[in-house]
Amino acid sequence: MVISHHLADGTLHVKILHELHVTDRAAAALQIESLVHAHRPARVVVELPSRSPSPMTFSALARARRMCQSLGIPLAATGPGEQVPLPLFGHEADAARPRSLEHGARHDH
């Protein structure tokens, strides 16, 4: 198993249990996609396994984000054990959106 999840108050909480590798990256992304399609949550929160996720973990997160974006479902990512603030609306939401996810996982461009 590469992820765990629970649904609370319309939010799908997904925890990536360990750093992903080439062999399990697609499985994690597909599991998240299946959960989103099955539950149609108002929001998705993905807890990453470390503060310095592997490129494969970021890849699975990016795939999940693209899928959620196509469905109009906001996705937020947190570090291990972090709490996510309540969703913001309007201009506050745009200002608070994590830029690392807005522009991709790489910071060297």
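Tutor: Start with the crossing: α1 passes α2 in a right-handed crossing. This is a predicted model, where local features need pLDDT of at least 70, side-chain atom pairs count only at pLDDT 80 or more, and totals for chains, interfaces and linings use all residues. Residues are numbered from 1 along each chain as its sequence is written, and side-chain values use heavy atoms, without hydrogens and water.

Student: At what angle do α1 and α2 pack?

Tutor: Helix α1 (residues 25-39) and helix α2 (residues 55-71) pack at about 25°, with axes 9 Å apart. Angles under 35 degrees count as roughly parallel, so α1 is roughly parallel to α2.

Student: Which residues of α1 and α2 are in contact?

Tutor: Contact means heavy atoms within 4.5 Å. In α1 they include Leu30, Ile32 and Val36; in α2, Met56, Met67 and Leu71 are among them. By class, this contact has eleven nonpolar, two polar and three charged residues.

Student: How do you know that β1 and β2 pair?

Tutor: Pairing needs at least two bridges found by DSSP. Strands β1 (residues 3-8) and β2 (residues 11-16) have six, in the antiparallel sense, so they qualify. Alanine 8 stands opposite threonine 11 in β2.

Student: In what sense does β2 pair with β3?

Tutor: Parallel, over five bridges, with β3 at residues 43-47. Valine 14 stands opposite valine 46 in β3.

Student: Which elements make the β-α-β unit?

Tutor: β2, α1 and β3, and the unit is right-handed.

Conventions. Axes fitted to C-alpha atoms, helices over the stretch in contact; angles between N-to-C directions. Helix = DSSP H or I, 4+ residues; strand = E, 2+ residues; numbered from the N terminus. Parallel < 35°, antiparallel > 145°, perpendicular 65-115°, else oblique. Left-handed = near helix turned anticlockwise from the far one by under 90°. Nonpolar A, V, L, I, M, F, W, Y, C, P; charged D, E, K, R; others polar. Right-handed = clockwise from strand over helix to strand, strands pointing away.
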